[in-house]
Amino acid sequence: MASKDEWDYFQNGPSTWVTKFPMAAGSRQSPVNIETKRAESDHEALSSKPLRWKYPSTASRKLVNPGYCWRVDTDGEDTFLSGGPLMDDVYKLEQYHCHWGCSDSRGSEHTVDGQAFAGELHLVHWNTSKYKTFAEAAKASDGLAVLGVFLKVGKTHEEMDKIARLLPYVSHKDEVVEITEPIDPGKLLPDDNGYWTYLGSLTTPPCNESVTWILFKKYIEVSHHQLNIFRNLRKFPRGEECPCHENHGAVINNFRPPMPLGNRVLRECGSF
């Protein structure tokens with residue numbers, strides 16, 4: 001029997017989330033379509049405290065298949081994100097995960113002037129300056145910060161390949177593998193620090209409106225082969241029968257469609 005808080009991107013997809021998670025109907029929901037002409041240039045204010053981060057490669061501890069994406073759980077103790085819209089508050093990295101589509105032409109959650117990318121990487125941080133735990137921070141309006149990185153099909157990404165090589169070991173839901181080869185989250189970020197920022201929410205239930213979004217303007221390249229490895233993940237546990245619907249239970253199209261930006265301010269900093 002399905003639990004009351006069960007959700008997915010398929011039978012219990014994004015259009016149904018609001019019935020179980022009322023916050024999904026809020027006015028500060030994510031993702032959104034980034035209308036570049038609407039972005040307010042705020043170079044002086046945002047550049048006065050440049051965005052800064054530190055990610056030891058030893059922070060990446062476990063690779064997990066929760067049934068709707070791949071996720072790397074981290075030991076955030078020596079990680080650090082601050083500056084920009086976060087000002088002087090210090091955020092630690094909790095985990096990072098990815099969204100992708102069934103083809104290379106879509107898969108990102110945010111879009112830019114209506115254009116989707118092949119995927120989107122999210123590095124999820126929590127505010128350690130004001131809150132004691134991730135759970136506490138996730139309920140606060142300034143509790144979380146997510147760095148978003150667009151993925152575009154191109155050459156093989158070396159750091160992403162370390163994750164791709166481990167994915168066969170977590171091919172089914174609830175499987176976990178320890179990370180032994182260091183993976184540096186900083187190497188998953190683009191080489192240009194220009195970004196858009198706005199106040200939004202988690203893009204998965206319960207859709208808490210607790211996220212300061214920082215979306216890099218420049219994408220990173222990953223190969224078609226790497227994306228296909230992502231698409232080989234399964235959303236059901238090993239040993240269970242494949243759910244009776246399309247794509248043989250593959251984890252694909254695991255993205256929420258853009259939500260209205262409404263009267264929220266979209267700011268930009270740096271080059272495009």
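What radius of gyration would a compact globule with 272 residues have, and what value does the chain have? For 272 residues a compact globule would have a radius of gyration near 19 Å, and the chain, at 18 Å, agrees with this; the radius is taken over C-alpha atoms, and the globule rule is 2.2 Å times the number of residues to the power 0.38. The model is a predicted one, in which local features need pLDDT of at least 70 and side-chain atom pairs count only at pLDDT 80 or more, whereas totals for chains, interfaces and linings use all residues. Residues are numbered from 1 along each chain as its sequence is written, and side-chain values use heavy atoms, with hydrogens and water left out.

Along the principal axes, the C-alpha atoms fill a box of roughly 55 × 40 × 40 Å. The chain has five helices and 15 strands, these being DSSP runs numbered from the N terminus (helices H or I, at least four residues; strands E, at least two). Of the 272 residues, 54% are buried (under 20% relative accessible area, with exposed over 50% and partly exposed in between; 1.4 Å probe, protein chains only). Among contacts (heavy atoms within 4.5 Å) with a separation of 6 or more, 71% involve residues 24 or more positions apart.

Strand 4 (residues 60-64) and strand 5 (residues 71-74) run antiparallel and are joined by four bridges, pairing being assigned if DSSP finds at least two bridges between two strands. The two strands form a hairpin with six residues between them, and glycine 67 in the turn has a positive phi of about 105°. Leucine 63 has valine 72 of strand 5 as its bridge partner. Strand 5 also pairs with strand 7 (residues 91-100), in the antiparallel sense and over three bridges, with aspartate 73 opposite glutamine 95.

Glutamate 120, found in strand 9 (residues 119-127), is buried yet has no salt bridge, the nearest side chain of opposite charge, arginine 256, being 12 Å away. A salt bridge here requires a side-chain nitrogen of Lys or Arg within 4 Å of a carboxyl oxygen of Asp or Glu. The side chain of glutamate 120 instead reaches the backbone nitrogen of histidine 110 at 2.8 Å, and a polar atom of this side chain lies 2.8 Å from the backbone nitrogen of glutamate 109. Beyond four places in sequence, the contacts of glutamate 120 include His97, Cys98, Val149 and Trp213.

Proline 190 lies in the loop between strand 11 (176-178) and strand 12 (195-200) and is buried, with a relative accessible area of 8%. Not counting residues up to four places away in sequence, proline 190 touches Val149, Phe216, Lys218, Tyr219 and Ile220.

Terms used:
Lys and Arg count as positive and Asp and Glu as negative; His and the chain ends are not counted. A polar contact is a pair of N or O atoms within 3.5 Å; within protein, one must be able to donate a hydrogen and the other to accept it, and residues adjacent in sequence count only if both atoms are side-chain atoms.
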